[in-house]
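Trainee: Could you take me slowly through this structure, one question at a time?

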Number of protein chains: 2
Amino acid sequence: MNKIYTPPPNDWKEILRRPTQTVEDIEATVIDIFKEVNQKGDAAVAKYTSIFDGVTLKSNRVSSLEIDQAIDALDQEVKAAIQLAKNNIEKFHKAQQTGRITVETTPGVSCWQEKRPIQKVGLYIPGGTAPLFSTILMLAIPAKIAGCKEIVLCTPPSKEGAVNPAIIYAAQVCGVTRIYKVGGIQAIAAMTFGTETIPQVYKIFGPGNQFVTVAKQLATKYGVAIDMPAGPSELLVVADDTADAAFVASDLLSQAEHGTDSQVILVSTSRNLITAVEKEIQEQMSTLSRKRIAQKAIDNSKLIYVEDDATALALIDEYGPEHFIICMENEDFYVNGIQNAGSVFIGNYTPESAGDYASGTNHTLPTNGYAKQYSGVSLDSFLKSMTFQKISEEGIKNIGNAIEVMAAAEGLGAHKNAVTLRLDKIKKATS
Amino acid sequence: MNKIYTPPPNDWKEILRRPTQTVEDIEATVIDIFKEVNQKGDAAVAKYTSIFDGVTLKSNRVSSLEIDQAIDALDQEVKAAIQLAKNNIEKFHKAQQTGRITVETTPGVSCWQEKRPIQKVGLYIPGGTAPLFSTILMLAIPAKIAGCKEIVLCTPPSKEGAVNPAIIYAAQVCGVTRIYKVGGIQAIAAMTFGTETIPQVYKIFGPGNQFVTVAKQLATKYGVAIDMPAGPSELLVVADDTADAAFVASDLLSQAEHGTDSQVILVSTSRNLITAVEKEIQEQMSTLSRKRIAQKAIDNSKLIYVEDDATALALIDEYGPEHFIICMENEDFYVNGIQNAGSVFIGNYTPESAGDYASGTNHTLPTNGYAKQYSGVSLDSFLKSMTFQKISEEGIKNIGNAIEVMAAAEGLGAHKNAVTLRLDKIKKATS
């Protein structure tokens, strides 16, 4: 662990630097697979499923029999936990629904804004050692509330051609319309172009490795939107002597176990706490199943001592953490002041894992400092806002001249003429 | 003009195809200029201002003296028109403000969502023949309402090193904090990396030519967000015999004068209207100052006859127009049914130019079919939503077990441990 005491602001940028990712050597592969899936559809998808996942499938769609079997197979305790989490996530995302906003900006000029669902969305859920079914809840629940008509899920099959029952169960209860056993670059390509079996979607959501990340970037070149740019997960905790060192250590470790490139930072106004947390981390580390991963991330972690709250907040805003835990006596100062963070966890009994799974907030959040300009996934991520306007004869009389003047000043005569014609007709009718 | 009668749905995609843009040959230039601006800052910006704009500037920032002079110089009528438009745009975008959304998802688990401003934003306004000051209103007014601290505007200087007074005036009254005489790729690069004089921003907004479009795409690779992907402007009008053919023609022409690649489509359930609009277009065309541009766009336009409202709406949703004018007896069918459109204009006295300038809605809208997944610019474009949560001891007792079960099922032991530690402490304290 790197302990840093009262770093001068000029050093912050360097101290807070995230590990850089190079993606350029991946790009050529991704471009090739996109081209092939665009041209050959399902045949190309099957080829890459065979190469990357080591399995040849009869059908790439999860059947209703497989769905029934998964529901039967899944442990009752996991089902109950998913249901509890689902209820909370639903409550929080339903509360984000907004109605039509209507304003008569000038008498006779009625303008309104309304949100309508993105009709077709695609969710990507990675495979690998752990079945990340919690991410399905975070994506499919708001998609369903938004009213998206087609909610497609792609996830890589195991070598036996199966999908983990927890993934199928979560997809089923959250309203996913079709589940495909397709992973990696070929999944993103299939949802970008559509194939004989997999529908083209308008927006793609979900995490993934570097290949998936580059594939999602490439998808945007073909007019598909994505949830947000991706990067390694990160947590910043600000804590003082009112914090429980064991809890802080457990939160830092829960972040560290995600991957060796995870970012873990403690900022504190207490030297004692820094020492205590360091000790707790070493103790708890030995009991962890993912100890090897966590240790590597912890080796790169930073424990930063600063002298006062104002300095701490400025440093945290400069970093813009994905997850931000506040265990400070003066917590309101941070809650009210923070400008750049994905999701904020307040107090000793609010671990990051609560938000990762079951409290109700979304866990798909901006990493890599993107909290400065991007929102996490919310209900709005599955909607687009549209504006409407209806102008009466009175209305165009009230604003028509201003439009004519501005259009003329911009040199756009036809824009002006569209108003002049209407004003002339009104004049004629009333004279 | 291309008249098409009752096209079968299988042909829609081809009929509605937009002109393709090739950007690959531009990319190398953009990458080079980005590299140079990143390394050499203002010196590189000055070099490219000299090459592309043909002027060497003493300072690239518009001075307070220049601002005063512009305010004096600008025609009183234009100032008044800008003020009227500003009032309406302010009213409509202020109405989009939302408060904190708080939900106690489970007793003791309090979650809330709040929006906070993007601290630093950059606006790009193209130069060329017409000074597009209206776009400054559309971008700077919501940025100011959102509470963005730094609102930077870049616009190319004239050969004399000047900026049009209407641009300076609009920037000044709408709360732009700094105006720079920098255009094109070098402007986007400067706002992406920051230079000695120009601040780095978190999100870049505004229109531009193909060079600017590619530069904005490249900016996203360096972690800067952009408003939306760009494409040529477009208008689709749906009209029947209740429409005024002269008005419809004037609206189509106002779109056509934007550029030779503008998209202009009329969908109608009336053969008579199609004939009448065609005649009106020819008559009005001759009087236009930008006749040559408009004629080219009109040559590529489509007048499409369909038999009924349901077919019309399905075809329009397939296209997803940036601007959508409805002049139909059965207007509610379209207003309620349309899923994919940027901004909707309803009735005979609601020309598109109203929304372009002064009604209050935003004119920065998704082109190229992006209305299927992107919103136009709104107040939210300058904000990011953050989530917060605070869990009490009671709260973690209520959801802790579900978190433990889900974390274990995902193989994330440290996530589980962060909850177990807290539950154990509560148990000890109460036993």
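Trainee: Is A:Tyr370 buried or exposed?

Mentor: This is a predicted model, in which local features need pLDDT of at least 70 and side-chain atom pairs count only at pLDDT 80 or more, while totals for chains, interfaces and linings use all residues. Residues are numbered from 1 along each chain as its sequence is written, chains are lettered from A in the order in which they are written, and side-chain values use heavy atoms, with hydrogens and water left out. Buried means under 20% relative accessible area, exposed over 50%, and partly exposed in between, with a 1.4 Å probe and protein chains only. Because its relative accessibility is 10%, A:Tyr370 counts as buried.

Trainee: Which class does A:Tyr374 fall into?

Mentor: A:Tyr374 forms an aromatic pair with A:Tyr370, 5.5 Å centre to centre and with 85 degrees between the planes, which is edge-to-face. Rings of Phe, Tyr and Trp (its six-membered ring) pair if their centres lie within 6.5 Å, and planes under 30 degrees apart count as stacked, over 60 as edge-to-face and the rest as tilted. With a relative accessible area of 22%, A:Tyr374 is partly exposed.

Trainee: How many residues apart in sequence are the parts that A:Phe247 and A:Tyr349 tie together?

Mentor: These two rings form an edge-to-face pair, 5.5 Å centre to centre with 75 degrees between the planes, and both A:Phe247 and A:Tyr349 are buried. Helices (H or I, at least four residues) and strands (E, at least two) are DSSP runs, numbered from the N terminus. A:Phe247 lies in helix α10 of chain A and A:Tyr349 in the loop between β13 and α15, so the parts tied together are apart in sequence by 102 residues.

Trainee: Which rings are linked with A:Phe34 into a cluster?

Mentor: The structure holds 20 aromatic pairs over all chains. Ring pairs link A:Phe34 into a cluster with A:Phe193 and A:Tyr222.
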